[in-house]
Amino acid sequence: MRAAQVSKLEGPEAIQVVDIPEPAAFPGGVVIDVHAAGVAFPDVLMTRGLYQMKPELPFVVGGEVAGIVREAPEDAHVRPGDRVVALTMLGNAMAETAVTPTQMVFRLPDNVSLEAGAGILFNDLTVHFCLRTRGRLAEGETVLVHGAAGGIGTSTLRLAAALGAGRVIAVVSTEAKAEVARANGATDVVLTDGWLAAVKELTGGRGVDIVLDPVGGDRFTDSIRSLASAGRLLVVGFTAGEIPTVKVNRLLLKNVEVTGAAWGEWVMSHPGYLQEQWAEVEPLLASGKIAPPEPVLYPLDKAAEAVASLDERTATGKVVVTLR
């Protein structure tokens, strides 16, 4: 089978499309003919050996797929021929065939294409975890998201209202990205230049209830300043590169929280949580209350470019690699 593989930890440009043997089936595993694979920021870090989990070289890039079930255990909830999305977690996704445990496989609603499906699990379930579990989003609250034109950002814009938010403010770096944010459901859009003052004005000086921050960097302190009383700042990642620090006395000023939101760690340490998430998100997708993503598509031969687009922060929306 063809696959996008990393054999040297030299960044996305080291990804090569190679022919390798199909993965072996294992007890309790579902064999999937992969049509599309999602790209996420951990893929960038893994190509440099900078992610906390480090697979042995060489490894196949990616952690989420959409495709058709080829084989499944007799007692599985999916059958051969089913359209599914699945997590391979870290690695083994950007290949023509994937094998993953039954509990990581989910039927895809008929109204969602396989290409869009490949963009759902990592980002949408991360955002669901952030807003529901870590952020405790209450009905009518205001959510602000940094990097709003990126994968996590557009997922936040698509999901927040369906999960109860009354207002969703997008922070973006350019007017072109502002259009992406509006198309994905932002109530308001502000540019990174002067964003804090703009948000204060939009909220009448009150601030926002939740900040979802996958960017980090030098805007972190202003994110704390942007919170309303009892607001929550959710730390999702550091695509800006710099890991910020916080002076904890700032948390006392308005009784605010800075909260880590590592979805992957939570899923691995809380059995059944992934299935609980899908039980809530899938009906919202099937009913149209959550619009499916409109991913940026790259063919497998351009997998290196697909991953590099996240590294260079040129990607808008979810990036997906197509294999069939």
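Author: Gly151, Ile152, Gly153, Thr154, Ser155, Thr156, Leu157, Arg158 and Leu159 are the buried residues of α4. Buried means under 20% relative accessible area, with exposed over 50% and partly exposed in between (1.4 Å probe, protein chains only); helices (H or I, at least four residues) and strands (E, at least two) are DSSP runs, numbered from the N terminus. This is a predicted model, in which local features need pLDDT of at least 70 and side-chain atom pairs count only at pLDDT 80 or more, while totals for chains, interfaces and linings use all residues. Residues are numbered from 1 along each chain as its sequence is written, and side-chain values use heavy atoms, leaving out hydrogens and water.

Reader: Why is helix α4 largely enclosed by the rest of the structure?

Author: The cover over its buried residues includes α3, β9, β10, α5, β12 and α10. Helix α4 spans residues 151–159, and it is largely enclosed because the buried residues number nine of the nine.

Reader: Which strands stand at the edges of the open sheet?

Author: The sheet has the order β2-β1-β4, with antiparallel pairing; two strands pair if DSSP finds at least two bridges between them. Each edge strand has a single partner, so one side of each is left without a neighbour in the sheet: these are β2 (15–19) and β4 (59–60).

Conventions
Contact = heavy atoms within 4.5 Å.
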